[in-house]
Amino acid sequence: MAISVFDLFSIGIGPSSSHTVGPMRAAGMFVARLKQDGALAQTAAVRAELFGSLGATGHGHGTPKAVLLGLEGNEPHTVDVAQADLDVERIRSTGRIRLLGAEIGPAHEIDFDASTQLVLHRRRSLPYHANGMILFAYDADGVPLLEKTYYSVGGGFVVDEDAVGADRIKPDDTVPAHPFSTGDELLRLTKETGLSISALMLENEKAWRTEEEIRAGLLEIWRVMEACVAQGLGREGILPGGLKVRRRAAAAARALRGEGDPAGRAMEWVTLYAMAVNEENAAGGRVVTAPTNGAAGIIPAVLRYYLTFVPGADEDGVVRFLLAAGAIGMLFKENASISGAEVGCQGEVGSACSMAAGALAEVLGGSPEQVENAAEIGMEHNLGLTCDPVGGLVQIPCIERNGMAAVKAVTAARMALRGDGRHHVSLDKVIKTMKETGADMKVKYKETARGGLAVNVIEC
């Protein structure tokens with residue numbers, strides 16, 4: 001399956017790519033299928049059941065909200081984040097939902113009791129993946145019209161269990177100019193072609209888009225990332241969800257500005273850039289999955305570091321950074337996982353740290369071997385990282401964890417650039433190790449909020 005950089009970086013809504021973005025897409029796919037089958041007008045009732053990690057931590061991750069918004073036809077990249085909570089409150093208070101919303105008008109508004117028709121199974125799982133959901137539609141007599149099972153497999157990717165029908169995610173059989181599925185293959189191709197990793201990725205992306213479209217699309221991705229950093233650095237208050245976690249990035253940034261000498265405090269700024277994004281994510285704001293929402297702050301923080309503290313940094317560097325990060329992200333997506341519910345936080349924060357480290361090495365002039373080394377270092381020192389969000393919210397330890405990993409990515413890139421690219425552990429080996437570690441990890445440490453900090457910290 002060919003994966004584009006635009007699959008890994010997509011504009012969405014917080015707080016979670018797998019628990020918010022994916023379920024919203026799945027619910028939207030379900031009602032679109034009803035319409036396509038000509039069954040929407042007959043639909044008198046819908047029901048959604050969430051399993052595994054979606055059921056265990058769904059409330060904290062905004063999954064019920066995402067499903068309701070998806071049933072009303074909202075999409076993650078266009079949903080009005082300011083209106084979203086009001087729409088959900090309308091559904092819950094009126095007991096009515098507008099399937100596909102304005103697209104079909106109020107005639108297809110139906111009764112919906114979220115307390116009984118949106119069910120979270122905290123201890124039951126579906127067979128294929130930890131993030132499973134089943135959607136049902138019935139006519140006025142209770143006769144089933146459609147039943148579909150979906151899995152949100154990380155990074156906002158959604159797959160249909162039976163892989164049939166028009167609403168499945170079709171494997172992309174596009175053949176790029178220089179296909180690769182491992183780090184070794186990627187390095188071999190750079191040697192054969194003489195291209196850098198970002199230049200090779202650009203040639204591959206041309207299988208889908210023109211160079212102008214690729215550049216414009218990546219700069220738009222950066223624009224949203226940059227806006228998210230700015231929003232987070234300017235907002236204070238308490239994050240939603242009940243833990244009463246204070247936003248810290250804005251106050252810390254204000255204090256840091258007063259101390260002067262920004263270059264001497266670059267790593268402190270990197271930490272705050274990442275925390276600002278993840279505070280916005282925790283508040284349900286507009287973010288870019290990079291490659292997930294739980295790890296959304298790392299790549300923007302390191303890219304902001306490049307633009308702020310590296311002489312000669314420019315938009316061409318931004319494009320090259322995101323292309324190189326995408327190449328590394330594809331290796332994790334193809335050979336392991338970027339889902340916290342499947343392999344723990346090493347698959348989210350670890351993958352993002354690896355992507356950011358390799359990308360920074362790329363724009364700082366590193367050879368393909370040095371870029372691969374930086375990516376390997378970034379992942380190696382996140383192996384075994386558990387996903388244990390307190391209260392099932394993407395707040396503790398997620399926000400600080402992004403700040404720490406962003407600094408680690410910069411360190412990994414700088415470390416790799418001091419070497420010549422030769423090292424003992426390859427990126428492929430560390431990805432394989434991450435996958436095996438995730439398989440060995442107990443379920444309670446994989447986004448279920450049943451282990452680790454999630455049970456050792458009192459929710460208050």
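## Helix α11

In this predicted model, helix α11 covers residues 266–282, and its 17 residues reach 24 Å from the first C-alpha to the last, close to the 24 Å expected at 1.5 Å a residue, where the expected span is 1.5 Å times one less than the number of residues. Helices (H or I, at least four residues) and strands (E, at least two) are DSSP runs numbered from the N terminus. Because 14 of the 17 residues of α11 are buried, this helix is largely enclosed by the rest of the structure; buried means under 20% relative accessible area, exposed over 50% and partly exposed in between, with a 1.4 Å probe and protein chains only. Just after α11, G284 takes a positive phi of about 80°.

Residues are numbered from 1 along each chain as its sequence is written. The model is predicted, so that local features need pLDDT of at least 70 and side-chain atom pairs count only at pLDDT 80 or more, while totals for chains, interfaces and linings use all residues, and side-chain values use heavy atoms, with hydrogens and water left out.

## The five-stranded sheet

Five strands form an open sheet in the order β5-β2-β6-β7-β8, with mixed pairing; two strands pair if DSSP finds at least two bridges between them. Its edge strands, β5 (118–120) and β8 (157–160), each pair on one side only. Strand β2 (residues 45–51) runs parallel to β5 and is joined to β5 by three bridges, and E49 has V119 in β5 as its bridge partner.

Helix α2 (residues 17–36) packs on the sheet, touching β6 (131–138), β7 (144–154) and β8, and its direction makes about 155° with that of β7. Helix α3 (residues 52–61), in turn, lies across β2, β5 and β6 and runs at about 95° to β2. Axes are lines fitted to C-alpha atoms, for helices over the stretch in contact, and angles run from 0 to 180 degrees between N-to-C directions; contact means heavy atoms within 4.5 Å.

## N204 in helix α8

N204 is found in helix α8 (residues 197–205), and at 5% relative accessibility this residue counts as buried. Leaving aside neighbours within four places in sequence, N204 is in contact with P176, A177, H178, P179 and F180.
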